[in-house]
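Me: I am new to this structure and would like to learn how to read it. Could you take me through it one feature at a time?

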Amino acid sequence: MTDVQALREAMQSKLARKREIIDKLKDSNAAVEKAKQELLAIPETGRPGRNSLERLAEQADRMEFAIATSAYTPAQEKALLRKMDVIRLELEQAKKEAKASGAGAEARAKLDAVRNERRALVAELQVLRKEIDAIYKQLKDLDAQRAAERTERQVRRSVGDEKRKAREEERKEMEPYMKEVDPFVSLEEIAEIKRKAGEAEETAAKDG
């Protein structure tokens, strides 16, 4: 198996996994929303800090999904990740302040669990994106290398064809004289014979 074949198979495998994760992320949106609504429906959690907590959690969800599924420049992604770190710190503080108990604590744990599952998928997707980009670069470099090698072979063949053609033309040009001389006569001697024959023909033409 060549390097190109191995890389292409790896690329196909990672692209398939990427599509699978994206599908799971779409499903997780519904799971997160359902768990969130269940939490909000519990009166016990209707206390100061709840709205801030859910607002931050929702903001974190949207940002995580955008980073994982959208195309950003490295600088843009770095800025978003810094902002994400700030939001997560605020979110942890808001969770401490909410201090849900009973049914509220259970609903909160469920929501946190589906969000954590989603976060794990996002993290895997980010790793896959980098791996796919790296494989794509390798394939591109190999294609460029093979193109250069093909061009080099074509040039060598072209030069070889020209040399063979020149030898063939020389052979055909000398062929009539080869029959009239000893087979061990050199090409230089044959050329001299040809020159003298040409001179003789010119002289005969003038005398005529």
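**Reading the model step by step**

Reply: Contact here means heavy atoms within 4.5 Å. This is a predicted model, where local features need pLDDT of at least 70, side-chain atom pairs count only at pLDDT 80 or more, and totals for chains, interfaces and linings use all residues. Residues are numbered from 1 along each chain as its sequence is written, and side-chain values use heavy atoms, with hydrogens and water left out.

Me: Where is Arg 115 placed, and is Arg 115 buried or exposed?

Reply: Accessible areas come from the Shrake-Rupley method with a 1.4 Å probe, and for residues only the protein chains shown count as cover. Buried means under 20% relative accessible area, exposed means over 50%, and partly exposed lies in between (1.4 Å probe, protein chains only). Arg 115 sits in helix α4, and Arg 115 is buried because its relative accessible area is 5%.

Me: Which side chain makes a polar contact with the side chain of Lys 36?

Reply: A polar contact is a pair of N or O atoms within 3.5 Å; within protein, one must be able to donate a hydrogen and the other to accept it, and residues adjacent in sequence count only if both atoms are side-chain atoms. Here the partner of Lys 36 is the side chain of Glu 33, at 3.2 Å.

Me: Now the whole protein. How many helices and strands does the protein have?

Reply: Helices (H or I, at least four residues) and strands (E, at least two) are DSSP runs, numbered from the N terminus. This protein has 5 helices and 0 strands, and its elements run α-α-α-α-α from the N terminus on. Of its 208 residues, 24% count as buried. The accessible surface comes to about 14400 Å², and 54% of that belongs to carbon and sulfur atoms.

Me: What share of the contacts joins residues 24 or more positions apart?

Reply: Among contacts with a separation of 6 or more, 77% are between residues 24 or more positions apart. Leu 15 lies in helix α1 and is partly exposed, at 25% relative accessibility. Gln 138, in helix α4, is 134 residues from Val 4 in sequence, and their C-alpha atoms are 8.7 Å apart.

Me: How much space lies in the largest pocket, and which residues lie nearest its centre?

Reply: Rolling a probe the size of a water molecule over the atoms shows where empty space is left. On a 1 Å grid over the protein atoms alone, a pocket is an open set of points where a 1.4 Å probe fits, with protein on both sides within 12 Å along at least five of seven lines; lining residues have an atom within 4 Å of a point. Grid points are joined across faces, edges and corners, and a volume is the space filled by probe spheres set on the points. The largest pocket holds about 330 Å³ of space. Its lining has 16 residues, and Glu 77, Gln 126, Arg 129, Lys 130 and Asp 133 lie nearest its centre. The elements giving two or more residues to this lining are α1 (3–40), α2 (50–69), α3 (74–98) and α4 (103–178).
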